[in-house]
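Work through these exercises with the sequence and the coordinates open. Try each task before reading its solution.

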Amino acid sequence: MKKALITGITGQDGSYLAELLLEKGYKVSGMVRRSSVENYERVEHIREKLNFVQGDLTDQSSLDEAIKEIMPDEVYNLAAQSFVPTSWNQPVLTADVTGLGVTRILEAIRKHKSDTKFYQASSSEMFGKVQEIPQTEKTSFYPRSPYGVAKVYGHWITVNYRESYNIFACSGILFNHESPRRGLEFVTRKVTHTVAKIKLGLAKELRMGNMEAKRDWGFAGDYIYAMWLMLQQDQPDDYVIATGETHSVQQLVNIAFDCVGLNAKDYVVTDPKFLRPAEVDLLIGSSEKAKKKLGWTPSVSFEKLIEMMVKEDISLLNQNKVRH
Ligand code: NAP
Ligand code: G4F
């Protein structure tokens, strides 16, 4: 039985990856932070099948202990301060968790189980002010937020430990991926949740930031499969994972309102509060390498993804529930 450790198991991706690894017969451990209120909502349905270890990416000793206790075959480092706007309010914390945290977990692996296979959750935010279209594994980085800068550090330290210590370390450069389990502050979920509330008479307007920004949005369930595939190869490598399609925030909003038979123009208000000090205007990725080497392709279209999220938000609200 293979053993896997997931950092960030309570997050969107961690919950989907835990499901996949359980299906594949792994013994799955997840690292969780101590909190005054338990935060296992996304993994509640599989909680009994998981092993939890307490730890934090800012705390070296907890990472050392987690690796020594579990002796994992595979580590998926999904934990991060992952919300871009927060990275301007808390730039030092973001650097510590999202950047240096990667070195800490790699150090724990190097010291205690150097044949562990390692996955780093890198991001299309590293491309920022894009240097070419579409973006590939060879495109230069130009991050536009403290979060993007921290992810560039995490990416290169992963490459460095692969080259310095021969650790099987892969960096997945994932473009935006969403699901009904997406946090409420990210734009897709903010839109689908608010549209569902408007439809049910629980909200009157949708306050938005930059409607012109464009993203390459896919379904999280497809993207975590790519993470697993990367660690099943003979050689470690880096891969871009994307749909190859781009849509504006305006299109996202229009599709979500269309799903419930309402007109976006009647409800959307722009609010400067949601504008960013620097913006990533256009992301569009090429997954040719992943397609060729991993046999990976996305399976859910943008329209289906938004429809899935709107329907799930309506269903939850009808049960007086909110998934955070
Ligand atoms: P998410 O839902 O925000 O989950 C983040 C996870 O990190 C949560 O489990 C959180 O724990 C944990 N965490 C935060 N700070 C931590 C710390 N100091 N120590 C230990 N754990 C900590 O993020 P996601 O969307 O699943 O994304 C997963 C990873 O992929 C992240 O690294 C993100 O930056 C990266 N990524 C995401 C996307 C995307 O579009 N989703 C694209 C590219 C890359 P709590 O539950 O306790 O807060
Ligand atoms: O959904 P977002 O907050 O995601 P963003 O900044 O692209 O970051 C996400 O994807 C990255 C991959 O590229 C991950 F690495 C990262 O961890 C995270 O998961 O914003 C998307 C776009 C931005 O251009 C933003 O300016 O939507 C625009 N936007 C417009 N109005 C808004 C809003 N974003 C949010 N969150 N809220 C708004 O009201």
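Predicted model: local features only at pLDDT ≥ 70, side-chain atom pairs only at ≥ 80, totals over all residues.

**Exercise 1. Salt bridges**

Solution. Residues are numbered from 1 along each chain as its sequence is written, chains are lettered from A and ligands numbered from 1 in the order in which they are written, and side-chain values use heavy atoms, leaving out hydrogens and water.

Step 1. Take Glu19 and Arg181. Their closest N and O atoms are 2.7 Å apart, in a salt bridge. Glu19 lies in helix α1 (residues 12-23) and Arg181 in the loop between β7 (177-178) and α6 (187-199), so the pair ties together parts 162 residues apart in sequence. Helices (H or I, at least four residues) and strands (E, at least two) are DSSP runs, numbered from the N terminus. Both Glu19 and Arg181 are buried. Buried means under 20% relative accessible area, exposed over 50%, partly exposed in between (1.4 Å probe, protein chains only).

Step 2. Take Asp238 and Arg162. Their side chains form a salt bridge with an N to O distance of 2.9 Å. Asp238 belongs to strand β11 (residues 238-241) and Arg162 to helix α5 (residues 146-165), so this pair ties together parts 76 residues apart in sequence. Asp238 is buried at 10% relative accessible area. Arg162 is buried too, at 14%.

Step 3. Take Arg182 and Glu178. Their salt bridge has an N to O distance of 2.7 Å. Both Arg182 and Glu178 are buried. Elsewhere, salt bridges with shared partners join Glu38, Glu44 and Arg47 into one network.

**Exercise 2. The whole chain**

Task: which radius of gyration does the chain have, and what would a compact globule have?

Solution. Step 1. The radius is taken over C-alpha atoms; the globule rule is 2.2 Å times the number of residues to the power 0.38. For 324 residues the rule gives a value near 20 Å; the chain has 19 Å, which agrees.

Step 1. Along the principal axes, the C-alpha atoms fill roughly 60 × 45 × 40 Å.

Step 2. The chain has 10 helices and 13 strands. Of its 324 residues, 55% count as buried.

Step 3. Look at contacts (heavy atoms within 4.5 Å). Among those between residues at least 6 apart in sequence, 77% join residues at least 24 apart.

**Exercise 3. Helix α2 and the residue after it**

Task: which residues of helix α2 are buried, and what do they pack against?

Solution. Step 1. In α2 (residues 60-70), the buried residues are Ser62, Leu63, Asp64, Ala66, Ile67 and Ile70.

Step 1. The buried residues of α2 pack against strands β1 (3-7), β2 (27-32), β3 (51-54) and β4 (74-77), and against helix α4 (91-112).

Step 2. Met71 sits in the loop between α2 and β4. Its phi is positive, near 50°, though Met71 is not a glycine. Met71 is partly exposed, with a relative accessible area of 32%.

**Exercise 4. Backbone exceptions**

Task: where is the cis peptide bond that involves Pro134, and what is the phi of Asn320?

Solution. Step 1. Recall the background. Most residues other than glycine have a negative phi, and most peptide bonds are trans.

Step 1. The cis bond joins Ile133 and Pro134, with omega about -5°. Pro134 is in the loop between β5 (117-123) and α5.

Step 2. Asn320 has a positive phi of about 60°. Asn320 lies in the segment after α10 (302-318). At 75% relative accessible area, Asn320 is exposed.

**Exercise 5. Lys197**

Task: is Lys197 buried or exposed, or in between?

Solution. Step 1. Lys197 is in helix α6. Its relative accessibility is 27%, so Lys197 counts as partly exposed.

Step 1. Leaving aside neighbours within four places in sequence, Lys197 is in contact with Leu202, Ala203 and Leu317.

Step 2. Compare sequence with space. Lys197 and Phe168 are 29 residues apart in sequence and 46 Å apart in space, C-alpha to C-alpha.

Terms used: Salt bridge = Lys/Arg side-chain N within 4 Å of Asp/Glu carboxyl O.
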